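Dear colleague,

Please find the structure below, handed over for your records. My notes on it follow directly after.

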Amino acid sequence: MNDITSTFTENHDDLEPQLESAVWAVLSEPLPTDAIARVKSNALALEDKPNPEILPSLHNKFWSRRSWMQVSSLATCVALVLVATTMLQSSSSAFAQAIEKLKNAGAYRYKELLYVETEAEPIESEVLVAVDGRSRVSMLGDVSIHDSNGQVRLTIDETAKSAQIHEPYGDEPADSAIEFNWLDHLKSYGENPDKSLGTMNFDGRACVGYEVNPTGSVTYAVWVDPKTSDLVQVEMKGMPKGSGITKLVMKDFEFNLSLDSNLFSLDVPAGYESTTAEKLPELLPFEESLVEALKGFTELSGGNFPRSITDWSEWATLMVENEMPKEQSMILSARLGTLLPHLTSMSHDDYDYTGAGKAVGMKRSIVFWYRNPKKQLRAVYSDFKVATIADADLPKK
Amino acid sequence: MAEEYPPDWPTIVERHAERIFRIAYRILGSVHDAEDVAQLVFIEAKRVQEAGPIQSWSGLFARLATTRAIALLRRRRQSVEMDDTHSVSHLDPHHHLVGAELAAWLRNAAAQLPEQQAAVFSLSHFEQLDRNEVAAILTISVEAVSTALYKARGRLQEQLKSFNGVQ
């Protein structure tokens, strides 16, 4: 740094006196030498850590839960990972009775806990479901009302007293409806879990557990109170590689409730300022979505590929920092969100993202490969070209 | 050009740590936050280093420290209520700001500037860099630096006038 006293005048000669005083006040603050020593010590500790991770506490300063969930919501992250259906093989009476209760659940509520690697505490939301299938999700001061097809129709920011109306985009159930399909899947399948998980106590209740192994990498652990056949907790694990989501837990179920229909109203609450949301962009097939997503990221990052295509924190940070227009960020998020159900349906051995540390313009190399349903190996290259490759062409681990 | 013989990590840390911390501290006014930003900057720089040779460690560190500190300052202002001891908004408009209050006011006001203006202002006034140096660090033109600095000063001086009740 230049000497303050000698250069201050030339740099500040056209400042209004009080502004100049403010600058001087900042410059006059002493620098704590002990803090500098700590900075050096912490930085030196990085020497032997290739590709060091940002610590959760550090990460959180730049990446609030709210931001994370806003982007997650855009890309329908949590919803889409629940795409797998269940194939239960053996029977259990407690499990069967719990499922039978689900079939007659009426209106109900439960708590959903999203566990993310970078958060010490789970991100909690409350879900209310009406008899007609409408639902209301409350999370971090935001409320979203979904129609019976699972489409988000109204989002409410209770803090800002604002609401956003979302026009429906078709008659088909939305991908986001899958968020609730874990329950539908269990209800529709019936009586036969894959295996027993033994017993475990939940808030003083001795429960028996059953594992359900769907296709792809996702597994459900369903915990039932055998005395009452009540469903106590459902855990979903096995998210796509690198997603940062460790598990999703559904608990505190209350069934056959009498819920006020106003809770599910699609009308903007009185006194709230309302806007109409942009329509969701058209969704593309998997490979096209991946290529478009990677192109979008590298345009924002100066050519660098993302560290991950399933951990979206870096993506969202980049979108925020570049002040990406909402329309473009919606498209990019939609491309990103399209990837998850496909990745979820694949075995972890059948795909890999290898773009971390690579950049556009560097030597051409594979940034992503996967085995498609025809068992062909397909690769996306750093120049965004896609090709069928042989096993021998796969990147070395 | 990239350095032919890049320095080892301890040398890099020794050479740049104080400046990184200082840039962040001037912008944020919090030792704890400045330490966090400095660590984040070193982590990011290490990743950049692993991806390819660094053209200028000094420029990279100054750019990362400035932009990351400003980003944190802006987010903090948007999402967290500022501590009353650091806020001047509750003061009587005719209150005469002094010392720490002025510094707190400036940081709060800088957080409301567009990011580039805030970065240019911080590097110009807190780091005492000339326009060519600021342009090189932020990889923008000297003209863009001049424009951003002019606008930043104008906005800040308007805010001061408004605060002082001088219309």
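Helices and strands are DSSP runs, numbered from the N terminus: a helix is H or I over at least four residues, and a strand is E over at least two. The model is predicted, so local features were taken only at pLDDT of at least 70 and side-chain atom pairs only at pLDDT 80 or more, while totals for chains, interfaces and linings use all residues. Residues are numbered from 1 along each chain as its sequence is written, and chains are lettered from A and ligands numbered from 1 in the order in which they are written.

The sheet of chain A

In chain A, twelve strands form an open sheet of mixed pairing, in the order 7-8-9-10-11-1-2-3-4-5-6-12; two strands pair if DSSP finds at least two bridges between them. Its edges are strand 7 (195–202) and strand 12 (273–276), each of which pairs on one side only. From one strand to the next the twist averages 20°.

Several pairings within chain A may be given in detail. Strand 1 (residues 107–116) and strand 2 (residues 123–129) are antiparallel over seven bridges, and Lys111(A) stands opposite Glu126(A) in strand 2. Strand 8 (residues 205–212) pairs with strand 9 (residues 219–225) in the antiparallel sense over five bridges; there, Val222(A) in strand 9 is the bridge partner of Tyr210(A). Strand 9 is also joined to strand 10 (residues 230–237) by seven bridges, again antiparallel, with Asp225(A) opposite Asp230(A) in strand 10. Strands 9 and 10 form a hairpin with four residues between them, and Ser229(A) in the turn has a positive phi of about 65°.

Phe255(A) belongs to strand 11 (residues 245–257) of chain A. It is partly exposed because 16 C-beta neighbours lie inside 10 Å; a residue is buried with 20 or more other C-beta atoms within 10 Å of its own, exposed with 12 or fewer, and partly exposed in between, the C-beta atoms being placed from the backbone. Which residues is Phe255(A) in contact with, leaving aside its neighbours within four places in sequence? They are Lys101(A), Ala105(A), Gly106(A) and Tyr108(A), where contact requires C-beta atoms, placed from the backbone, within 7 Å. The C-alpha atoms of Phe255(A) and Ala107(A) are separated by 6.1 Å, although the two residues are 148 residues apart along the chain.

Packing between the chains

Helix 3 (residues 33–44) of chain A packs against helix 1 (residues 9–28) of chain B at an angle of about 140°, with the axes 9 Å apart.

Positive phi values in loops

Most residues other than glycine have a negative phi. Phe384(A), which is not a glycine, has a positive phi of about 70°. Phe384(A) is placed in the loop between strand 15 (377–381) and strand 16 (386–389) of chain A, and it counts as partly exposed because 14 other C-beta atoms lie within 10 Å. For Thr139(B), phi is near 50°, also positive in a residue other than glycine. Thr139(B) sits in the loop between helix 6 (131–138) and helix 7 (142–164) of chain B, and it is exposed because 10 other C-beta atoms lie within 10 Å.

Yours sincerely

Note on methods
Two residues are in contact if their C-beta atoms, placed from the backbone, lie within 7 Å. Axes are lines fitted to C-alpha atoms, for helices over the stretch in contact, and angles run from 0 to 180 degrees between N-to-C directions.
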